[in-house]
Amino acid sequence: MIAARFPDGRLHLQHGPIDLIIEAFGARDEVEAAYRQAIDRFGDILPMLVCELPALRRPVGDAYPLLQGPVARRMADAVWPHRAAFITPMAAVAGAVADEMLQAMLAGRTLDKAYVNDGGDIAIHLASGHSLRAGIFVQALDGAVTLTHDRPVRGIATSGCGGRSFSLGIADSATVLARTAAAADAAATLIANAVNLDHPAIERRPARELDPDSDLRDLLVTVSVGELPREAIDEALDRGLAEAGRLRRLGLIDSAALSLRGEWRLDDERSLEIGAGAPRRVHGRAQSRR
Amino acid sequence: MTDDLALSEAERTAGIVRCDACPVLCRIRPGRAGACDRYSNEGGTLVRVDPLVLLAKPDLARVAFVEGSESWAGELGKGEAAFVTGIGATTTYPDYKPAPFIVSSKPDGVDMVTVVTEGIFSYCGVKVKIDTDRYLGPEQAAVRVRGETVGHVTTAEYGSQMLSLGGVHHLTGGSRKEGVVSCDTLLTLCNKEAVELAIDGGSTVVVQADRPPIVNGIAEARMRVGCGSAAIGMFAPQWKDHVDEVIVVDDHITGVLSEHQGGRFLDMKPAGIRVRGRKSTPGRYFQVAQPGLGWGGTDVSDPLEIIEKINPKQAWPGLKLLMVSTTGEHSAWFELDQDLVPRSAAMPDPVRKVVERIAENCEPALCTVLFMAGAGGSLRAGVTENPVRLTRSVRDTLTKVSLGGVPAYVWPGGGITLMVDVAKMPEKSFGYVPTPALVAPIEFTLRASDYAALGGYASRAVSLEDVLRGNKVRLE
């Protein structure tokens, strides 16, 4: 377990696969107290999850999963609306840890804003009158997200086949804004899975051939994606966009940005802008307006 | 996930490795990483992806930072002097498993084993030596950081003030805030960064390992050459022909030349200038003023304040008086007028030379930070199945203990209680855990045969070449 401060003051917590970067803004005493609360809370996050790991790796079906730990329950909450598809609570683990840690550091504190970044899945706190900008980094600083107090987004998550988790799809990234980081995490997983099509350039293997402990069992996960023709890229992205729109209409997400090979799709642009840091992405943005 | 840690026959055949670095206990297939991306399975071996720090030769000047690359890795592996440090080794607490690295290397043809780990020390602190005679605060006074007590002023040493900071009572025995601030203070000091300490009833001092202390905003330059009496003894012959009296102002012992053995020996005439304070032996006075930040660690800014009286039967008009502090930092030249009142005058060159020589003989004032900690049962269990034998082996000097490659002084008596100068350790050697406690690299080095004899995990030993192959390394 590691707890350390970066030279710029941000807090870094790491235990096993959990790697958090935390920053709080506000009065110095409040910020320091918030960091201490975060450190205090962190110690049993991983041990508690490990206790329930077998249950957390089981697909969610007709019965609401019986789970004890606060993080595990956040995970179950986040994936429960998606139970018609194959999903396990693990799809929301990073976001749920971020939400839990954010809540722990906010308790009794007065902060202007704060975030807990768990490997790209981010839980956010904003006090009235404050806003926060987050960058979307795929190949470069490809886009930006501006979150304001008056809108309900407090979670950002990104999924895709480049990260530490397996994806059933081929998206380079699927960034989702939602009410909580856990909700964003679960939805990003499903939207990234939906960015997909059959093509000989896509290599897939059963998840357990790669990781014996994978919650995805024998489902085929993407190992590599070769050259894809433009039509295939468009087709895959549009499938993802359709899934994002469906989840948004169900009230499960606020908005989403999908990318594949430099092409982008946005579902709802109120918070998201693509091309802020990379003007060449404007083409992808235009595509998304169809 | 299976219930026991053992892998099935099929899993073993498939080359799966069980990682036990954290409670997740990932099973990792060949060529892949665990859930954390920090450990991976390379050809059936669990390897760590974070860099380890290597000392190319522990006792030599360190070479520039090098990232791991094929070109030098092989070469270093052949060199017998390379030493794997505990920095970056990482451990688990309580120790779930043997120390991360048990490295067999062969310096001078002896089959040596280095057990490399990072220890988590709840019982730890720093002893700080601050080279200054300025008054920092009374002994036993609390030392505070951000209002929290992190330690206390302890027994002063020659020319230096001593602080004892941290320790288990501040880390875990007090309030949560006290523990966190204490841990942060220790971590900062051990990683050779500066900390401002406030001493109850005394001064604030900025302390940084191997740097001059800054007392109440003023950087200390020099240690005193000796106490006032010692300064008289050292420089009396050089003053003799140019002065009638010298008073060396010192918070500890102020020296008066003509009364002092050193002056008598040179047949100097008593000058009749009596200083304040309590006479110890002739020409040596305690407590001529209050401790402070003025002359020689006293609160005096006008040196004439310490003169109690001038005896008209002994003193004479025109008497030449030098007053100087023990570092040569303060000095003044006086001549007595017709009424035997000291009047400031221009200091003659030969006298100034001797004053400058006092300054020249004062060593640079530094802060030294010694990390002091005890290796507890859990840490020792990472090294051997029978922890007490490790203690005995260290006591018998069969096992050498080092931190980040720097040999540690091990206290006699029970346990493994050690001290090491953090200034000699590689950069960023220390970390912490939220307990709060410090994480420090620690290495135990001994002969392979002795290691096996004390119940060590000899079968876990890997060659230095294997460590180089399996880990990212940083060369210091």
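**A walk through chains A and B**

So, chain A to begin with: of its 290 residues, 50% are buried. Keep in mind that this is a predicted model. In terms of secondary structure, chain A has nine helices and 14 strands. And if you take the contacts in chain A with a separation of 6 or more, 57% of them are between residues 24 or more positions apart.

Let's look at the sheet in chain A. It's an open one with nine strands, in the order S1-S2-S3-S4-S5-S8-S9-S12-S13, and the pairing is antiparallel. S1 and S13, the latter being residues 263–267, are the edge strands, each pairing on one side only. On average, neighbouring strands here are turned by 15° against each other, if you ignore direction.

Now, which strands does H6(A) lie across? Those are S5 (121–126), S8 (155–159), S9 (173–178) and S12 (255–260) of chain A, and the helix runs at about 25° to S8(A).

H6(A) also has a helix partner. H5(A), residues 93–106, packs with H6(A) at an angle of about 170°, and the axes are 7 Å apart. With that angle, H5(A) is roughly antiparallel to H6(A). From H5(A), the contact uses A:Ala94, A:Gly95, A:Ala96, A:Ala98 and A:Asp99, and from H6(A) it uses A:Ala181, A:Ala182, A:Ala184 and A:Asp185. Sorted by class, that's six nonpolar residues, one polar and two charged.

While we're on helices, have a look at H4(A), residues 70–79. This one is mostly covered, with eight of its 10 residues buried. The buried set is A:Val71, A:Ala72, A:Arg74, A:Met75, A:Ala76, A:Asp77, A:Ala78 and A:Val79. And what do they pack against? The buried residues of H4(A) sit against H2, H3, H5 and H6 of chain A.

Okay, on to the core. The largest nonpolar core has 208 residues, and the ones touching the most other members are A:Ile191, A:Leu258 and B:Leu438. Our friend H6(A), residues 181–194, gives the most to this core, with 11 residues. On the chain B side, let me pick out B:Leu438. Leaving aside residues up to four places away in sequence, B:Leu438 touches B:Phe121, B:Cys124, B:Cys183, B:Leu186, B:Leu187, B:Cys190, B:Phe430 and B:Tyr432.

Next, how do the two chains meet? There are 22 residues of chain A in contact with 19 residues of chain B. On the chain A side, the elements giving two or more residues are strand S1 (2–5), helix H1 (28–42), helix H2 (45–51) and helix H3 (53–56). H1(A) gives the most, with four residues. By class, this side of chain A has 14 nonpolar, three polar and five charged residues.

Over in chain B, there's an open sheet of seven strands, and here the pairing is mixed: the order is S21-S22-S19-S18-S24-S25-S26. At the edges stand S21 (278–279) and S26 (342–344) of chain B, each with a single partner strand, so one side of each has no neighbour in the sheet. S18(B), residues 245–249, and S19(B), residues 253–256, pair in the antiparallel sense over two bridges.

Last stop is B:Asp133. Find the loop between S10 (124–130) and S11 (142–145) of chain B, and B:Asp133 is in there. So is B:Asp133 buried or exposed? B:Asp133 counts as buried, because it has 28 C-beta neighbours inside 10 Å, and the cut-off for that is 20 or more. Not counting residues up to four places away in sequence, B:Asp133 touches B:Gly159, B:Arg224, B:Asp251, B:Gly296, B:Gly297 and B:Thr326. And from B:Asp133 to B:Ala156 it's 23 residues in sequence and 9.6 Å in space, C-alpha to C-alpha.

That's my tour, so over to you.

Notes:
Residues are numbered from 1 along each chain as its sequence is written. Chains are lettered from A and ligands numbered from 1 in the order in which they are written. This is a predicted model: local features need pLDDT of at least 70, side-chain atom pairs count only at pLDDT 80 or more; totals for chains, interfaces and linings use all residues. Two residues are in contact if their C-beta atoms, placed from the backbone, lie within 7 Å. Ala, Val, Leu, Ile, Met, Phe, Trp, Tyr, Cys and Pro count as nonpolar, Asp, Glu, Lys and Arg as charged, and the others, Gly among them, as polar. A nonpolar core is a set of buried Ala, Val, Leu, Ile, Met, Phe, Trp, Tyr and Cys residues joined through C-beta atoms within 7 Å. A residue is buried if 20 or more other C-beta atoms lie within 10 Å of its own, exposed if 12 or fewer, and partly exposed in between; C-beta atoms are placed from the backbone. Axes are lines fitted to C-alpha atoms, for helices over the stretch in contact, and angles run from 0 to 180 degrees between N-to-C directions. Angles under 35 degrees count as roughly parallel, over 145 as roughly antiparallel, 65 to 115 as roughly perpendicular and the rest as oblique. Two strands pair if DSSP finds at least two bridges between them.
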